[in-house]
Amino acid sequence: MGTAVARALDLLLPAGCVSCRIWMPRSEARDDAPICARCRSRLRMASWPRCTRCDAPLGTGIARLSDAERSDCHECRPWSTALSTARSAFLLTTPASDLVHALKYEGWSELAGFMAGRMAGALRDTANRASTVWDQPGGVCDAQTIVVTPMPTTPTRERRRGYNQAGLLAEGVASELGLPLKPLLIRTLDRRSQIKLEPSQRRANVSGVFAPHPAMGVISGTSVVLVDDVLTTGATASEAATLLIGQGASSVHLATFGRALPEPFSSLP
Ligand SMILES: [Zn+2]
Ligand SMILES: [Zn+2]
């Protein structure tokens, strides 16, 4: 596109960044994701050291530095053993939280490709680290078959939004990593929103929420990369993982764009 045409388009159809809302030149949205260069640079990754299982930055929230000696941490110890690992692209602070909100509630499906690209990057990063679970027996790379599947949403929500945000992210992650995408789960119950619930209430609330997707087929010996937009308590992912392991999957690994950590980010010994 000629520069003059691009400039004219900028004037006619101004693009606003979904986080800071400032107008930005169309050239800045080089991958069609409406997020400006400044906000891209402010996306914050978890600090090191991290929990080998759930990737939580140790020494923040309830993940203690002493957890570095273990294969899990205070954050992920309550999870079902069916959920092997979790990896997230960024901490769920601004602007990552704005991107999640824009994708989920504001119809900005154009963000999915950008977000999935960063998620695939976090998963690749994991695969390149010799000490990670992906390379160990029982890890993703050890499996004969790996499939990517989205965390399902309810049909009502999907109809309202026009898409399942986790479905768009899963599509992007599968395509970035060259892995097959397959629906494995359906959500059977429209439980009330979990936002206001305590962690223990959330665990009780998700019980029995999932069922096998009609197209699941045989998944014995398959490692599943379960894709969702955010990881909060891990209760929903634990429930989904339990069902997948029950159906024969060899391991389940959660991949999310955002990782919520308890506030404040106080340091613990
Ligand atoms: Zn911005
Ligand atoms: Zn952990």
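Visitor: What makes strand β8 (residues 251–259) mostly covered?

Guide: This is a predicted model, in which local features need pLDDT of at least 70, side-chain atom pairs count only at pLDDT 80 or more, and totals for chains, interfaces and linings use all residues. Residues are numbered from 1 along each chain as its sequence is written, while chains are lettered from A and ligands numbered from 1 in the order in which they are written. A residue is buried if 20 or more other C-beta atoms, placed from the backbone, lie within 10 Å of its own. Nine of the nine residues of β8 are buried, hence the description of the strand as mostly covered. Strands (E, at least two residues) and helices (H or I, at least four) are DSSP runs, numbered from the N terminus.

Visitor: How do you know that β3 (residues 83–91) and β8 pair?

Guide: Two strands pair if DSSP finds at least two bridges between them. β3 and β8 have seven, in the parallel sense; in one of these, alanine 86 is the partner of leucine 254. Strand β7 (residues 222–231) also pairs with β8 in the parallel sense, over eight bridges.

Visitor: Why is the crossover from β7 to β8 called right-handed?

Guide: The term applies if, with the strands pointing away from the viewer, the path from the first strand over the helix to the second runs clockwise. The chain crosses from β7 through helix α8 (residues 235–246) to β8, and this crossover is right-handed.

Visitor: What makes β3 and β4 (145–150) edge strands?

Guide: The open sheet has the order β3-β8-β7-β4. β3 and β4 each have a single partner strand, so one side of each is left without a neighbour in the sheet.

Methods:
A residue is buried if 20 or more other C-beta atoms lie within 10 Å of its own, exposed if 12 or fewer, and partly exposed in between; C-beta atoms are placed from the backbone.
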